[in-house]
Amino acid sequence: MTDTPNHTERRMCKMKIAIIGAGYIGSSLARVFTRLGHEVSITNASNAQVLQEIAKETGAKPAAIMEVAQGAEAVIISIPPKSIPSLPAGFLDEAASGAVVIDTGNYYPLLRDGLIEPIERGLTESRWVEQQIKHPVIKAFNATPWYNLAKGLPAGTPGRLAMPVAGDDHAAKAVVFKLVEEAGFDAVDAGGLDESWRQQPGTPAYCVDLDVPGLRQALSEATTERGYDFKAIHLSEEELTAAYEMQNSFHKRIGEAVLTLMESNNWTEAEATKALYIQFAAGSKPANEILDFVFEYKRLE
C-alpha cells in the first residue's frame, strides 16, 4: 500500500462537484456536499422527476450529461458498471483542468450488471471504468452502505467510521481524502487502483462499519478470489438468467420489507434499511426468514 496522502486540512474551499447518477449513493452525496457548501450539479440517465426532487431538496443543479461536468473540479460517477460504456464520448471535456474523477460503483453480475469478462478475469472494477472513460479515476465512497453517508461525524468523535480510498495519482487522491474527511469519515489509503480489489464487494472491508485500525486490518485480509455471489463467468447463459431473476426477486422483497418497516415504525428509508441489514449481518437467521417475520409482524425482532 502507498503512503497516506497528507490530509490534515479538515475544511476545503468551495468546489464545483458534478455527480453522474442519482441513485442511493449519488443522491446521498449530493445532500452531503451541498450541505457542506459545495456547488453541486447532478444528472441521471432518464428520470427527470428524481433530478427535480433532489434539486428542490438540496439546491443541487440538475443538468444534462454533456453539461453536468462543466467547470467541475471533481466528478463523481455513481452508476452501475453496466452503464459505464453508455456514457457519451466527451462527457468530461468541459470539466476543469485537472479534474478529479471518483468512481463509486460496484460490480454485481447476478443482480444487475451481467457478465463483464475483464473484471471476472481479475481486472479491478475501477481500472475497467478508467479504461472505458479514458480518464484516471479514484475509487471511493463505494465500500460503505448508502445510509451511512448521512451519518458522518467530526474528526475525533468516537464511532466515526473509516472509508477506503484507492488510486494512482497522489494529488487526486489527496483531494478525495479531504472530501471523505469533510463528509465525516476517516479516509484510509487503500493503495493504487490495482489494489482497489481490496474494497470491492465480498471483501472484509466492504459494507462493514469499521474504524481506521479495523479497516486497515480488513484491507490486509482481503483475497483476490471473488465470492460465488460476485462472479458469473462460471455460469451458462441460462444459469445467469436464473440467478439474475432470483437475485432481483430477493431484492424486491427487501424493498417491500423496508417500506413495511417505514410505515409501521415511522422510520426513514435509511433507518429501516440499516435496521434490516444489521439483522442480515448478525446471521442468526436466514435472510428470507427475517423478511417473513417483518411481513407478518411489521417489525424486527
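Reader: What makes the crossing of α9 and α10 right-handed?

Author: The crossing is called right-handed because that word applies when the near helix is turned clockwise from the far one by less than a right angle, anticlockwise being left-handed. The model is a predicted one, in which local features need pLDDT of at least 70 and side-chain atom pairs count only at pLDDT 80 or more, while totals for chains, interfaces and linings use all residues. Residues are numbered from 1 along each chain as its sequence is written, and side-chain values use heavy atoms, with hydrogens and water left out.

Reader: Why is α9 called oblique to α10?

Author: Helix α9 (residues 269-282) packs against helix α10 (residues 287-297) at about 140°, with the axes 9 Å apart. That angle makes the pair oblique, because angles under 35 degrees count as roughly parallel, over 145 as roughly antiparallel, 65 to 115 as roughly perpendicular, and the rest as oblique. The axes are lines fitted to C-alpha atoms, for helices over the stretch in contact, with angles running from 0 to 180 degrees between N-to-C directions; helices (H or I, at least four residues) and strands (E, at least two) are DSSP runs numbered from the N terminus.

Reader: Which residues of α9 and α10 meet, and how do they divide by class?

Author: Leu276, Gln279 and Phe280 in α9 meet Ala287, Ile290, Leu291 and Val294 in α10, contact meaning heavy atoms within 4.5 Å. These residues comprise 6 nonpolar, 1 polar and no charged, where Ala, Val, Leu, Ile, Met, Phe, Trp, Tyr, Cys and Pro count as nonpolar, Asp, Glu, Lys and Arg as charged, and the others, Gly among them, as polar.

Reader: How does α8 pass α10, in a left-handed or a right-handed crossing?

Author: The crossing of α8 with α10 is left-handed, and the axis of α8 (residues 237-265) comes within 10 Å of that of α10 at roughly 35°. By class, their contact has 8 nonpolar, 2 polar and 3 charged residues.

Reader: What makes Asp189 count as buried?

Author: Asp189, in strand β8 (residues 186-189), has 5% relative accessibility and therefore counts as buried, since buried means under 20% relative accessible area, exposed over 50%, and partly exposed in between (1.4 Å probe, protein chains only). Ser27, in helix α1 (residues 24-35), has 7% relative accessibility and so counts as buried.

Reader: Which side chain does a polar contact join to that of Asp189?

Author: The side chain of Lys173 is joined to that of Asp189 by a polar contact of 2.9 Å, a term for N or O atoms within 3.5 Å where, within protein, one must be able to donate a hydrogen and the other to accept it, residues adjacent in sequence counting only if both atoms are side-chain atoms.
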